[in-house]
Amino acid sequence: MRGDPGTNAPTLFPSPGTEGQVSRFSRIHPQFGLTLAMPWISETAKEIKKPELLAILDRAIEEARERICGTPKRVLLLPPDITRMHSGSGWITEYFWEKLKDEAEIHVIPTLGQHEPHTPEQNKQMFGNIPNEIIHAHDWRDGCVKVGEVSADFVKEISDGAADWAIPIWLNKMLMEEQWDLIINIGHVVPHEVLGFANHNKNYFIGLAGKDLICTSHMMAASCGIENNLGNLITPVRAVFNKAEDEMLGHLPDFYVQVVLARNEEGELVHTGIHIGDDLETYLNAARQSRAENITVFDEPVKKIVCVMQGDEFFSTWVANKSVYRTRMAIADGGELLVIAPGLKRFGEQPDVDALIRKYGYQPTEKILELYKENEDMQDLAHGTAHLMHGTSEGRFTIRYAPGHLKQEEVEQVHFAYADYEETLKRYPIDQLKEGFNTMPDGEEIFFIATPSAGLWSTKEKLYNRKTGFAEV
C-alpha cells in the first residue's frame, strides 16, 4: 500500500479572502447578541504539550480568581461527554478538580445533551480520579427548567425564513437553580454540523438542554441545511444561542476553556491551541484556528473514503454519523463512504430515538419532511427527525457501515449499505493505512481518515459556493 494523492492533493483550508458569498448568517451584529470583548488567554503552536497546557490552566485559575471569584467555595465543571475523549477534555477536567478540590465543593456534569449517560467505568476512563459520586448525569427530559425563549420572529429573520418557530430555552436545573461561585466550560472546537463549530455555549444549549430546546434547535439546523452549517463561524443556530446566552445567562460566574487539535507530521492528533475567556471572541479565536487547521480541501471530489469511528467512543450511528457529516462535502456523486465502527451496537442514544431511526431510516430530506408532517412520533422527537436528514447522502453516494455488533438486516433497514466487519479489516488494515490517499494491492484508490470527528473534508466547490459563505469575524 502507498499514499498517492495524484492530482487531487488535499490542502488545509486557505484564508477565505473574497471567495464565497457571505450572508447575514455569518455576520456579527449587535442585535444578535454577539458583543465582542477579548479572551483572557489565547495560545497557539504547532504542538502544545501537556506540561505547557497544565501551566496555562494554572493561569486560567488565577485569571478566574481575579475576574470572577477570589475564593470559590462551589465550583461546577462542564466537560463534553466520552465522544470527545480524544480531545483531552477529560484530563483537563480532572486537573481543575485536583487544583480546586481542597478549597471548594466541586461537581461535574458531562454535557451529554440527549446522549446516553456514562457508566461509572466510562467516568473513570474519561475523568480519571474524580469521584463518581460528584459526576452527575444530565437528564434532558425531566431535569430541566425553562429560563426563557428566543422568539419566532428572530428565528425566522436569522434563518432567512428556513425556520419560523420559537426556540424555548430549557436548561439543567442543577446549573440554573443552585448557587455557584465558578463555572468552567471545557471543550474541543472542531467543525460541527449544527453550529458550524462545536463547543462554547453548545455546552449549555445542547449539552445541558431540555427536550424542547434540543428538538427545536436541531430541526432549525436541519432546515437551514447541514452543508450550509459545516465550518461556518456563526450559523443561524449559533446566533440563537449567542442571543440566549447574552440575555439569559449573563449572571452565571462562568468562563470557557476551548482546545483545538490537529495532526502533526507523524499523523498524531495533538493540541495546537487553547483559548480561555468569558466572551464570544474566545470562541471565535478557537473557531478561526480550527477553520485553518481542521478543514481539508480537495480540487475534485473523492471517489471513496474509508474511515474509522473509535470503538471506545462511538456506540450509535447518532454519534458515528459524524463520519457522514464531516466527509459528505468531499465525496463524489456515485462514490462511497465506508465507515469501520467496531463499537457500533445501536442507532439512537435513547431507546425511543433508536426506534424512530429503525422505523424510518436515513432518507433524503424531502422525503423526511413529508413524513414529518404526517407522523406524530417524528414531530415529538424532532431532533431525531433532524438527525435522519443529517445522516442521508441525499442519494448522491453510498454510505456503507462495517459495524462491530449490528447485523446486516439492521443496517440495511435504515437504508445504509453493509460490510462484514472482519472481512473489511482484512481488506483495509487500518493499522497499516496512512491518513490520506492510499492505493490498495488490487489498485483501488481510497482516502483514509483515522478520526473523522476531528475535522471537515470538502471540495472547494462545495465549501465556497453555498448559501452561507465565510466571514472574517
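Domain bounds come from an automatic or database domain assignment. On that basis the protein chain is divided into domain 1 (41-294) and domain 2 (299-465). The model is predicted, so that local features need pLDDT of at least 70 and side-chain atom pairs count only at pLDDT 80 or more, while totals for chains, interfaces and linings use all residues. Residues are numbered from 1 along each chain as its sequence is written, and side-chain values use heavy atoms, with hydrogens and water left out.

The centres of domain 1 and domain 2, taken over C-alpha atoms, are separated by 25 Å. Across the boundary, 31 residues of domain 1 are in contact with 34 residues of domain 2, contact meaning heavy atoms within 4.5 Å.

Buried residues are those under 20% relative accessible area, exposed residues those over 50%, and partly exposed residues those in between (1.4 Å probe, protein chains only). A nonpolar core is a set of buried Ala, Val, Leu, Ile, Met, Phe, Trp, Tyr and Cys residues joined through side-chain atoms within 4.5 Å. The largest such core has 100 residues, and those with the most contacts inside it are Val150, Ile169, Leu175, Tyr204, Phe205, Val240 and Tyr401. Helix H7 (residues 211-224) gives the most to this core, with seven residues. Domain 1 and domain 2 both supply residues to this core, so it lies between them. Apart from it lies another core, of 36 residues, among them Ile48, Ile134, Ile135 and Ile186. Within the largest core, Tyr204 touches residues including Leu78, Leu171, Leu175, Ile183 and Tyr256, not counting residues up to four places away in sequence.

Helices (H or I, at least four residues) and strands (E, at least two) are DSSP runs, numbered from the N terminus. Helix H9 (residues 236-248) has 13 residues, which at 1.5 Å a residue should span 18 Å; its end C-alpha atoms are 18 Å apart, which agrees. The expected span is 1.5 Å times one less than the number of residues. Eleven of the 13 residues of H9 are buried, so this helix is largely enclosed by the rest of the structure. Among the buried residues of H9 are Arg238, Asn242, Lys243 and Glu245, as well as Val240 and Phe241.

Strand E7 (residues 182-188) is mostly covered, seven of its seven residues being buried. In a regular strand the side chains alternate between the two faces of the sheet. Both faces of E7 are covered, with Leu182, Ile184, Ile186 and His188 buried on one side and Ile183, Asn185 and Gly187 buried on the other. Two strands pair if DSSP finds at least two bridges between them. E7 pairs with strand E3 (residues 74-78) in the parallel sense over four bridges, and Leu77 has Ile184 as its bridge partner in E7. Six bridges join E7 to strand E10 (residues 254-263), and these two strands also run parallel. In E10, the bridge partner of Ile184 is Phe255.

Two glutamates were also examined. Glu410, in helix H17 (residues 408-413), counts as buried at 19% relative accessibility. Leaving aside neighbours within four places in sequence, Glu410 is in contact with Phe347 and Arg358. A polar contact of 3.0 Å joins the side chains of Glu410 and Arg358; such a contact is a pair of N or O atoms within 3.5 Å, where within protein one must be able to donate a hydrogen and the other to accept it, and residues adjacent in sequence count only if both atoms are side-chain atoms. Glu98, in helix H2 (residues 89-100), is partly exposed, with a relative accessible area of 41%.
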